[in-house]
Amino acid sequence: MLSNFKGQARHGWEKVSPSMGFGMSRPQQQQPHPSQPQDGVPMGVPSQTAKRTLAGSSASPNPAVPGHPVNLSFNVPFNCNLPGPDKDDVLYSSMGAFQKWIHPDGASAEETPNHALPVHTRNVENLRSLCKQMSEGSGERLHATVTSSKPKPVPGMQRGPLTAPVTNVCISGDAEVVHKMRARILNETPITLRCETIDIDRDTVFPPGHDGARADILNHMDDIADKTKADIFMLEAKSRRKDSESASFNAAMEKSMDKRLQIHVYGDLESSENAKTRLLIMIDQILQRQVDSIRLELSLHSLISGRHRRNIKMIESATGTAIYFPPMFPQVFGYVPPGSVPLRGRDEIIITGEGMDNILQAKKRLHDLVLSTKTFVKDVQITTSKVDYILLDRLDKIRRIIEANGSYVLLPPLGNHSGILRVQATDILNVERTVREIMGLAGQFYSASWWVTHPDAAQRQPTPSDIRAMLPDICINSGAEITFEKLNFHINGSDDSVKAAMSIINTLPFVKKAQSTLRVKVELANEHKEFVSGKKNGKINKIMSQSNVQIVFDGFNEYNFYIDVRGAQYEATKNGLDLVELEMPASISFHVPDQYHKRIIGIGGQHIQRIMKKYSVFVKFSNAMDRGGIGKDDDDIKVDNVICRTPARNADNLELVKQEIMDMVEKVDAEFVSEHVPVDRLYHRELIARMPEIEDLEKKWNCKITFPGTEQASDIITVSGPEYQVPQAVDEFLGMVPETHEIEFPTSEELSTYLRSEEFRLDRVQKLRDQYVVEVSLHEPRPDRQGDKDVMVEKLVLSFTRNNAGGLKDAIDFLLLPFLARGLGANNVKGAIPRPKSDSFEDNMPYFESKLLQRAEPPVTESPTRASFVEEGSSRSLFDKLRKPGSMSSFSSFIDRRRKNGTNSPGSLFMHASSNASKASLVSMESRDSGYRNPWNDSGIDLDHDGNGVNGGAGVHASNHGNGWATATAGLTPGDATPRYDAKARDADGALKEPNGTPSAPALSPAEAVVAAASAPTTAEPAVDVDTAAETADEPTSTSTSSGYPAPSAPTH
């Protein structure tokens, strides 16, 4: 009694008597901590006596009573959609791999589905043999059947295309034996099949001048495949494949990366990881690097790595080494390929470097990290039935949680029915973050029970054979796992699958005509209890009275509680569950720099209160002290510090609230986004060695550059930061990445003389360097045979940085002009980039504005502003001139030029406007004053604000925007511009016009508009401090604006 009382006091549970007379809340059960042994109970095992014996209320949703026969049906999660390589691309395959992963002769890959591959069909057959062996070896005490079929659509359940068949196992027998057999099946079946990819330079495998591939490489790959039992393929480079789109512009941009061969490693989770690491080490050894290893406790690996592996990248940068960590979750899946030999210890870290001194230095730094690491450990209880679903469906999410928090989670083996997780990290804050995020994953899975209490005597009851046919059908079509005993169904799985299974069970004849009791258990964080129940439990009482269900809040652990929905009819229970789900919290979190919090909250919270009332959304801010103090990782990694929460029925408003909050943040600190940049993974080492430069770049642009783990062999580098800063950061970062492009063509005596002349060096090479930032080097000519004649071939190598790669085609065209004049045929140039296919449409669609594509000149009258940018004697389009070809900063440099031409230009107003002007008004200025816009603008502002007077009744309309430039539109003939609806004609500054087309109020200049916006009186809000004045002035009209350039909007009709 005392313990129950303390549980109520600590967790704030209150006893409620709703209108239906059921107690809505029960005290949390007191489970002993797993690290505190009790009398007769071994450490780490929760005491069974501490659990309540109330029927159906134990922590496990489907308690199996020993000695009772049960029927268990579950789907085996084969990765049947995993495709094999294309037969025509295979250059090498390990022993037996080709027969397993390639469709048999006569079966085309296009017509034959992936699940028909020999490897997938063999896995299903092996499962059938295993189940048959288990049934025959049990002496009739166990019966296991395997069913494979394609799922059918279930009303109300949304899933992807149902193409691959689902394999189900139904086991009948004693409860304890049945669950042991389930664990055995999952651990003896390759359910984690995947494909890992490694890129390798073609010259490494096929050395120039060497006949065929290097035998030592192929022999080593055979040895790796033999020991790990993984299937290894070497595939042709993308640029040489039959389906290659090498003629497209994008393919030309990434041509250097497409030249690499690909190694595909097929296997289960652990064997494919080990084979992949061995192949990476093989490549390092080919590159003349030394190899050594160090053993460290597995649970410390992610702790010493730091958040997002920052510490490891610093060690690699300082020592010039590559550090390969072992798989993070060994032995979670029990499957081991027959005959495989472990190639490394489960806690062995492999290090490669230029010399042993580098490796010893890296070892010492790792050792120092271990000595300086403090660990905090916590054991937490989780619903036992949900552990397997998290392992099978959310393991990648667990890995991301661990990497983000620099923590480690000790997971129980699959099918172990252990409800204890051990979490450790370098500080308590990261332990708590990790636990809470994992507990949030548990809430994505439901458990339900359906008791048939009074079967209809006139209805035939299901026989054992009926049950073994019925349960697989339900599981395959819903995706849930079902236990059936004594006319009772116990259902577990994801939220959608549990609800789908209940809808199917409701159609069964012997269930439909019987009296039943239904219960669904939903898991939710304790902090959301009052959010869901409402004041004085008003929300829950209303749902219970509307739906005729009982709802009980049942305590589970210190993080989560259960919402228990019970009813006597399926429709009532379903309706009650739907209503509860609508009251459950939907949330969104994002980062806003701490210095803006006061401005957004306002004096006495008036700003944020207004937003919360307007959208019915709760908003919470946390600063650096709330997140664990200043000086921690928050300085390096921008964590989400604003959370918006609202009932799920109101979830659409979350984005609106986020947008309104982000509108109060300066552009340089705007919403954080991530961009993925592909760079050859071997060049990552060169970039990491320049870590001080990268850190300066990060500080300059307020961005974060994250390199992938070495053992991932990924090319992708992630640049994250404010959405306006990331493009500049990517551009500068790519300026550190060199690229080369080769051009070959048959030469003549005249052409060879010109290539080595001073004229070529000054007229072409120097101009390419100055105008296109491309260096040209000339190689010695070599003889080659083309067709039936021998020719001499010249080779030019163009060197540039990746941020200038977009101008490569222009540079090549400029370089080849004098060659073509000297008799070189355009079709004889190997390495020339064809014109992008998309350009063929530019003349047909001039109204689709894009800042990324060159386009035809618009058919409107030239604007006076265009003369400011036209170079003498040039007829190129504006976008040809304003960009350094391919430069990502070209548009911003154009804006800079406008700013230099005059401080009152629209560009300068847009870039350096007062914070008192809303972004909507500034975008509007940009859209109407830019001389290169078409009548259909892309600013997202209503077109009737543009003020070109097409339907205004006047032949000529002119307005002065206060910057000395008058914009005039001559009388247009039909077809010159797209007509627009003009119900309330306005001039360019937003003032209503009289019927004769004259403004009813004098137009304001952009500068005056900014001042007017700042000084506009407000009646909705009391006086606030200077920081919030800008937002207060705009609040009545700026709720729907977006940060940055809004999406294009079509004209109103």
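This is a predicted model: local features need pLDDT of at least 70, side-chain atom pairs count only at pLDDT 80 or more; totals for chains, interfaces and linings use all residues.
Reader: How many helices and strands does the protein have?

Author: The secondary structure comes to 36 helices and 32 strands, where helices (H or I, at least four residues) and strands (E, at least two) are DSSP runs numbered from the N terminus. Of the 1053 residues in the protein, 49% are buried; buried means under 20% relative accessible area, exposed means over 50%, and partly exposed lies in between, using a 1.4 Å probe and protein chains only. Among contacts between residues at least 6 apart in sequence, 73% join residues at least 24 apart, a contact being heavy atoms within 4.5 Å.

Reader: Which residues of helix H3 are buried, and where do they lie around the axis?

Author: An α-helix has 3.6 residues a turn, so residues three or four places apart point the same way. In H3, the buried residues are Val-119, His-120, Asn-123, Val-124, Leu-127, Leu-130, Cys-131, Met-134 and Ser-135. They cover an arc of only 155 degrees around the axis, which puts them on the same side of H3; the arc is that of the directions from the helix axis to the C-beta atoms. On the other side of H3, Lys-132, Gln-133, Glu-136 and Gly-137 are exposed. The buried residues pack against several elements, among them strand S2 (69–76), helix H2 (97–101) and helix H4 (175–187).

Reader: What span should H3 have, and how far apart are its end C-alpha atoms?

Author: The expected span of a helix is 1.5 Å times one less than its number of residues. For the 20 residues of H3 (residues 118–137) that gives 28 Å, and the end C-alpha atoms are 28 Å apart, which agrees. Helix H21 (residues 570–583) can be checked by the same rule, since its 14 residues should span 20 Å and its end C-alpha atoms are 20 Å apart. The buried residues of H21 include Tyr-570, Ala-572, Leu-577 and Val-580. Seen down the axis of H21, its buried residues fall within an arc of 170 degrees, so they line one face of the helix.

Reader: At what angle do helices H11 and H26 cross?

Author: Two packed helices are described by the angle between their axes and the distance between the axes. The axes of H11 (residues 310–319) and H26 (residues 691–701) come within 10 Å and cross at roughly 135 degrees, where axes are lines fitted to C-alpha atoms, for helices over the stretch in contact, and angles run from 0 to 180 degrees between N-to-C directions. That makes H11 oblique to H26, because angles under 35 degrees count as roughly parallel, over 145 as roughly antiparallel, 65 to 115 as roughly perpendicular and the rest as oblique. The contact is made by Arg-310, Lys-313, Met-314 and Ser-317 of H11 together with Met-691, Glu-695 and Glu-698 of H26.

Reader: Which residues does Ile-382 touch, and is Ile-382 buried or exposed?

Author: Ile-382 lies in the loop between strand S12 (376–381) and helix H13 (384–393), and with a relative accessible area of 2% it is buried. Not counting residues up to four places away in sequence, Ile-382 touches Val-387, Ile-390, Gly-419, Leu-421, Ile-438, Ala-442 and Phe-556. Ile-382 and Met-439 are 57 residues apart in sequence, yet 7.6 Å apart in space, C-alpha to C-alpha.

Reader: What is the phi of His-417, and what is the phi of Leu-487?

Author: Most residues other than glycine have a negative phi, and most peptide bonds are trans. His-417 has a positive phi of about 55 degrees although it is not a glycine, and phi of Leu-487 is positive too, near 60 degrees. His-417 sits in the loop between strand S13 (408–410) and strand S14 (420–425) and is partly exposed, at 43% relative accessible area. Leu-487 sits in the loop between strand S16 (481–485) and strand S17 (488–494) and counts as buried, at 19%.

Definitions and conventions: Residues are numbered from 1 along each chain as its sequence is written. Side-chain values use heavy atoms; hydrogens and water are left out.
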